[in-house]
Amino acid sequence: MFKKINSILLALALVFAAGTSSSFAACDPGERVVKLSHVTGGTTHPKVVAANNFAEQVNKQLNGKLCVEVYPNSTLFGDSKELEALLLGDVQLLAPSLSKFGSYTKKYGVFDLPFIFKDMDSAMAFTSSKSGKDLLNTMEDVGLVGLGYWMSGMKYFSANKPLILPTDAKGLKFRVQTSDVAKAMIAAMDASPQPMAFDEVYGALQTGVVDGQENTWSNIYTKKFFEVQDSTTQTSHQLLAYLFMTSKEFLDSLDADTRSKFIKIADDVTIVANKSVKDQEEANRQNILKAGGKINELNAKQRKQWVDAMKPVWKKFEAEIGADLIAAAASF
Ligand code: LMR
């Protein structure tokens, strides 16, 4: 009976939340509620799909024990608060971009180095290697535990004017994530970086607080950035990937059997998510074009100018990231 009432309430909640694509389970009494918070939205975004799949699998396979509730679109916590909230136990699962961990580790700067990965396959080969896997738990000393890497896509620059060469970006203001590498990369284009939370980007582009931004097709489509930009240029200059993560406190609080099942589900969902991400990105690229967004492609000569402009950034971060780690990532 209780479950039925919960389901009715849930259905009503979903009607009111139409368009936010949250995945809310009707938790049974006695089940432990586990909150998964993230900042992306829409229905076709790789993180939305992976997070909802994780919830579905836990709610099926650990029915009666754990009940995952997914909060998308920064509705529970946005960029600036989510890691703190995880450490405080106010949320149990997150999937932040690897560019957002600067206060906890400098090592993840390796993922932000411009043009270090030629495509997502190279990035996935690195994350599956020993050096990549070791990085998953580089923040264990502060109580943060990586469960898996979820790929999101390569990133592309958009602006309120066409960007064909890096010199076109001169003097423009670009929103970046809170990453020192991203800031240095924008400075290398003679432009100004403006770190900003993800949920503020659309408004900032619309009102001209910033002139441009850099993101994946899935974010540019689901957050409608293309509507308030002249065009997006297919630079593929950086990777966007997430750390699907929890806290040590939460993991330790699970009994051994539940913990190993929970980790196995995270592994399985990660494999499925990374298999479909390239198709999801391509579908969202097409969605942008269908919706009237403009995409500029680069020829080899133009692309080389972007690579040359940004390559000096690597040297700046070699000491804090580690030359060996950079070499390992660049070898794939
Ligand atoms: C951004 O802030 O641009 C992205 O990290 C958002 C996301 O989670 O994809």
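**View 1. Thr127 in helix H5.** Thr127 sits in helix H5, which covers residues 120–128; helices here are DSSP runs of H or I with at least four residues, numbered from the N terminus. This is a predicted model, in which local features need pLDDT of at least 70, side-chain atom pairs count only at pLDDT 80 or more, and totals for chains, interfaces and linings use all residues. Residues are numbered from 1 along each chain as its sequence is written, and side-chain values use heavy atoms, with hydrogens and water left out. Thr127 counts as buried because its relative accessibility is 8% (buried means under 20% relative accessible area, with a 1.4 Å probe and protein chains only).

**View 2. The surroundings of Thr127.** Leaving aside residues up to four places away in sequence, Thr127 touches Phe111, Gly132, Lys133, Tyr149 and Met151 (contact means heavy atoms within 4.5 Å). Met151 is 24 residues from Thr127 along the chain, and their C-alpha atoms are separated by 9.7 Å. Look also for the side chain of Thr127, where a polar atom lies 3.1 Å from the backbone oxygen of Met124.

**View 3. Helices H7 and H13 packed together.** Here H7 (residues 180–188) and H13 (residues 313–321) pack at an angle of about 155°, their axes 9 Å apart (axes are lines fitted to C-alpha atoms over the stretch in contact, and angles run from 0 to 180 degrees between N-to-C directions). H7 is therefore roughly antiparallel to H13 (an angle over 145 degrees).

**View 4. Where H7 meets H13.** From H7 come Asp180, Val181, Ala184, Met185 and Ala188, which meet Val313, Lys316 and Phe317 of H13. Six residues of this contact are nonpolar, none polar and two charged.

Methods:
Helix = DSSP H or I, 4+ residues; strand = E, 2+ residues; numbered from the N terminus. Parallel < 35°, antiparallel > 145°, perpendicular 65-115°, else oblique. Nonpolar A, V, L, I, M, F, W, Y, C, P; charged D, E, K, R; others polar. Buried < 20%, exposed > 50% of the residue type's maximum accessible area, 1.4 Å probe, protein only. Polar contact = N/O pair within 3.5 Å; in protein donor to acceptor, adjacent residues only side chain to side chain.
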